[in-house]
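Visitor: I would like to learn to read this model feature by feature. Please take me through it.

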Amino acid sequence: MTKSPKPKPLLKDADKPVRSRPRKPRDPDQPNLPLDPMPDRIEPCLAMLKAKPPKGDDWVYEIKWDGYRLSVHIEPSGIRILTRGGHNWTDRFPAIKQAALWLPVGTAILDGEAVVLDEQGRSDFGLLQSLGGRGGKKSSSDAIFMAFDLLYFDGHDLRNSELSMRRHLLEDLVPASGQGDIRLSEEIEADGDQLLASACEHGLEGIIAKRRDAPYRSGRLGDWLKIKCVQSDSFFVVGYERSTAAGRQIASLLLAARKDDGLVYVGSVGTGFKESNVSELRDMMDKIIRKTPPLRYTGARKDVVWLQPTLIAEIEFRAWTDDGKLRHASYKGLRDVQDDASVFQLPQ
């Protein structure tokens with residue numbers, strides 16, 4: 001069986017690195033080649049949650065990274081780093097900004113995830129939050145950008161190109177095995193079930209499956225799938241229980257999900273807190289205290305401080321109980337509203 005030919009790059013020879021070439025005087029005998037205008041912002045393609053990896057050769061896989069979804073815009077006027085909600089976080093990631101300036105390209109839009117890696121090379125959302133802070137008030141030079149797609153390249157909008165073509169260009173721009181502040185999220189040719197089992201065994205969050213022949217479509221349309229080792233979602237913090245133990249400020253957080261136009265209590269979380277950010281969390285909660293619960297509450301906890309539902313926590317959990325509560329919940333950190341965090345929506 002003959003191998004299918006490797007797709008040719010748009011603007012370069014296959015054996016040469018991607019470089020932005022200096023502009024030359026146009027040959028008057030040749031027509032002007034149209035260039036695509038550079039989008040100011042692109043709504044991201046989002047992965048749909050599935051319980052099992054898909055089957056077939058139409059899919060390729062990557063590791064699922066646990067951080068902030070960002071797009072890096074390399075523009076003639078400079079670098080812009082945008083959240084998936086369109087907020088400008090350039091100043092929060094100075095190392096990623098500098099690495100983008102060094103890429104050998106004139107204009108580009110890279111899609112990826114800002115992460116902080118632990119000693120085993122796994123992305124750790126709690127580390128990212130503690131280093132980078134919330135609300136754009138702190139910057140992090142320890143975060144790196146894992147690039148997994150290329151949406152615009154030297155005057156060409158690539159969104160209508162197949163994933164395999166976009167990845168071919170991205171791999172030339174951000175080489176595999178790089179150790180800089182912008183790195184390639186590598187594709188893995190493997191059986192989906194075996195890869196998921198290996199990812200879970202190594203303590204990773206899960207895997208992503210992508211259709212290799214699909215264009216880049218904004219929204220959650222099924223071209224990208226996420227398969228998690230452990231469930232994780234975002235919930236409102238609607239209160240906290242004071243701790244009676246010496247040295248502890250918080251016994252547990254009370255959590256809520258959306259349902260219709262209101263909120264529903266889904267249980268509490270009392271593990272996963274890092275001492276380094278508990279005080280900051282308590283300070284934020286003390287500013288949004290209210291006298292009455294913001295939802296219907298029939299629990300037995302008595303020493304509860306109720307809060308305005310403005311803080312959004314990322315919670316890892318194993319399953320749902322029969323009465324609609326989170327089982328074996330663990331706190332991972334606070335999501336930022338500017339990160340376009342979506343609170344879990346219960347079915348009607």
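Visitor: What is the mean pLDDT of the protein chain?

Guide: pLDDT is the predictor's confidence in each residue, from 0 to 100. The chain's mean is 85, and 85% of its residues reach 70 or more. Over residues 1-14 the pLDDT is below 50, though this stretch has 22 contacts (heavy atoms within 4.5 Å) beyond near neighbours in sequence. Where pLDDT is low, the predicted coordinates should not be read in detail.

Visitor: How many helices and strands are there?

Guide: Helices (H or I, at least four residues) and strands (E, at least two) are DSSP runs, numbered from the N terminus. This chain has five helices and 19 strands.

Visitor: Which residues of the largest nonpolar core touch the most other members?

Guide: A nonpolar core is a set of buried Ala, Val, Leu, Ile, Met, Phe, Trp, Tyr and Cys residues joined through side-chain atoms within 4.5 Å. Buried means under 20% relative accessible area, exposed over 50%, partly exposed in between (1.4 Å probe, protein chains only). The largest core has 31 residues; Val 72, Ile 74, Phe 93, Leu 110, Leu 150 and Ile 182 touch the most other members. Strand E3 (68-75) and helix H1 (94-102) are among the elements giving two or more residues to this core. Apart from it lies another core, of 25 residues, including Val 237 and Leu 307.

Visitor: Which cysteines does the disulfide join?

Guide: A disulfide is a pair of cysteine sulfur atoms within 2.5 Å. Cys 200 is joined to Cys 229, S to S 2.1 Å. Cys 200 sits in helix H4 (residues 192-201), and Cys 229 in the loop between strand E10 (224-228) and strand E11 (231-242). The torsion about their S-S bond is about -95 degrees, so the disulfide is left-handed.

Visitor: Is Cys 45 buried or exposed?

Guide: Cys 45 is buried, because its relative accessible area is 1%. Cys 200 is partly exposed at 33%, and Cys 229 is partly exposed at 24%.

Methods:
Residues are numbered from 1 along each chain as its sequence is written. This is a predicted model: local features need pLDDT of at least 70, side-chain atom pairs count only at pLDDT 80 or more; totals for chains, interfaces and linings use all residues. Side-chain values use heavy atoms; hydrogens and water are left out.
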